[in-house]
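Subject: Structure handover

Hello,

I am passing on the structure we spoke about, with notes on what turned up in it. Please look it over before reading on.

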Amino acid sequence: MTTRGYFRMAPIGAVCLCASAIAAPLAYVSNEGGASVSVIDAATDKVTTTYKVGTKPRGIALSLDGKQLYISDQTSNSLLTIDSATGAVTRRTPLGDSPEAIYLSADGKWLSASIEENDLVLIIDTATGKVDRRLKMRGKNPEHAVFSPNGKWLYVSSEEGNSIDIVDLAKGEVQKSVTVGDRPRGIGFLPDSSRAYVAAENADTVNVFDVAAGEVITRIKAGSRSNGVTVHPDGTRVYVSSGGEGTVQVIDTSTNTIIAKIPVGKRPWNMAITPDGKKLYVACGRSNAVAVIDTGTNTKIAEIPVGELPWGVAIR
């Protein structure tokens, strides 16, 4: 764990903060039907506030310090930069027709934004809010564009296709496309960037990539309409939402087998995990709620009512 806001040596005579005094993470939930963001205190699993944001907020990400919230607003075709403490929009960046998911790079310097109708992925400088690069995809209707933790690769899933576009970020171009199955969706990398897990919604599978080779090394039969993908911070587990079954599947990365199936709610979509890996927050679109999973027991421990049609979750 980094030292950002956690355990630092206190000066002599200063009051030392113990773990119990440290604020719990906050989970931010984009509600596309309610044009809002719900803020959940991870200590109590209660909504503490709700911001009105845009007209159809979907993709969601947080800056490394947690002070800036980024939202892709699909109706206005823009990226909104928001003060996470107040909910005030501080900057608008024009994107393109129908922006989808957004992701932050590991160093916090870049955001990716998938632009569905233009078959583009934009790379945005978080310091200036300006578009730095426009990357043309081979796949049609890109939805997720995820940075590898080592900063070398960008894996892009395209809704109306059956493959993943692999972008070499140093060259700024698609290096290759790899078939994964009908309607690829969520993507997650192991912390060491050695493997990537890609859900194929209509194929009900999760594809496991050897990142160095850029090839699928195994396919895991998963739940109906496999969708969102989130990786545990220690890399031992991968979580995959199943929209058709209303469950989250848990993959053991040492064997690439599913070891648990957890009922969560209607149409589970995108997810996020706390920095300590103890809780997983799942946006359940048709339940208008976020399900909370205890990752130690692989059980649902809470259901939190949020806005209409929750789409994504970001935690810092």
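Leaving aside its neighbours within four places in sequence, Lys279 is in contact with Ala42, Asp45, Ala272, Ile273, Thr274, Val292, Ile293, Thr295 and Ile301. Please keep in mind that this is a predicted model. Lys279 belongs to strand 25. Is Lys279 buried or exposed? Its relative accessibility is 18%, and the cut-off for buried is under 20%, so Lys279 counts as buried. Leu79 lies 200 residues from Lys279 along the chain, and the C-alpha atoms of the two are separated by 28 Å.

Strand 25 (279–284) also has a part in the largest nonpolar core. That core has 14 residues, and those with the most contacts inside it are Ile40, Tyr281 and Val313. Two or more residues come from each of strand 1 (26–31), strand 25 (279–284), strand 26 (289–294), strand 27 (299–305) and strand 28 (310–315). As background, nonpolar side chains in soluble globular proteins tend to be buried together.

Next, the aromatic rings. How many aromatic pairs does a search of the whole structure find? The search finds 2. Tyr155 and Phe189 are both buried. Tyr155 also pairs edge-to-face with Phe209, at 5.3 Å centre to centre and with 75° between the planes. This pair links distant parts of the chain, since Phe209 is in strand 18 (residues 205–210), 54 residues from Tyr155 in strand 13. Tyr155 has a relative accessible area of 0% and is buried; Phe209, at 0% relative accessibility, counts as buried as well.

Arg133 lies over the face of Trp110, at 5.2 Å from the ring centre. Arg267 lies over the face of Trp269, at 4.2 Å from the ring centre.

In general, strands of a sheet pair through backbone hydrogen bonds.

Last, some backbone angles. Most residues other than glycine have a negative phi. Asp204 is not a glycine, yet it has a positive phi of about 55°. Asp204 is found in the loop between strand 17 (195–200) and strand 18. Arg225 likewise has a positive phi, near 60°. Arg225 lies in the loop between strand 19 (215–221) and strand 20. With 37% relative accessibility, Arg225 counts as partly exposed.

Regards

Conventions: Residues numbered from 1 in each chain as written. Predicted model: local features only at pLDDT ≥ 70, side-chain atom pairs only at ≥ 80, totals over all residues. Heavy atoms only, no water. Core = buried A, V, L, I, M, F, W, Y, C linked by side-chain atoms within 4.5 Å. Buried < 20%, exposed > 50% of the residue type's maximum accessible area, 1.4 Å probe, protein only. Helix = DSSP H or I, 4+ residues; strand = E, 2+ residues; numbered from the N terminus. Phe/Tyr/Trp six-rings, centres within 6.5 Å; stacked < 30°, edge-to-face > 60°. Lys NZ or Arg CZ within 6 Å of the ring centre and 35° of its normal. Contact = heavy atoms within 4.5 Å.
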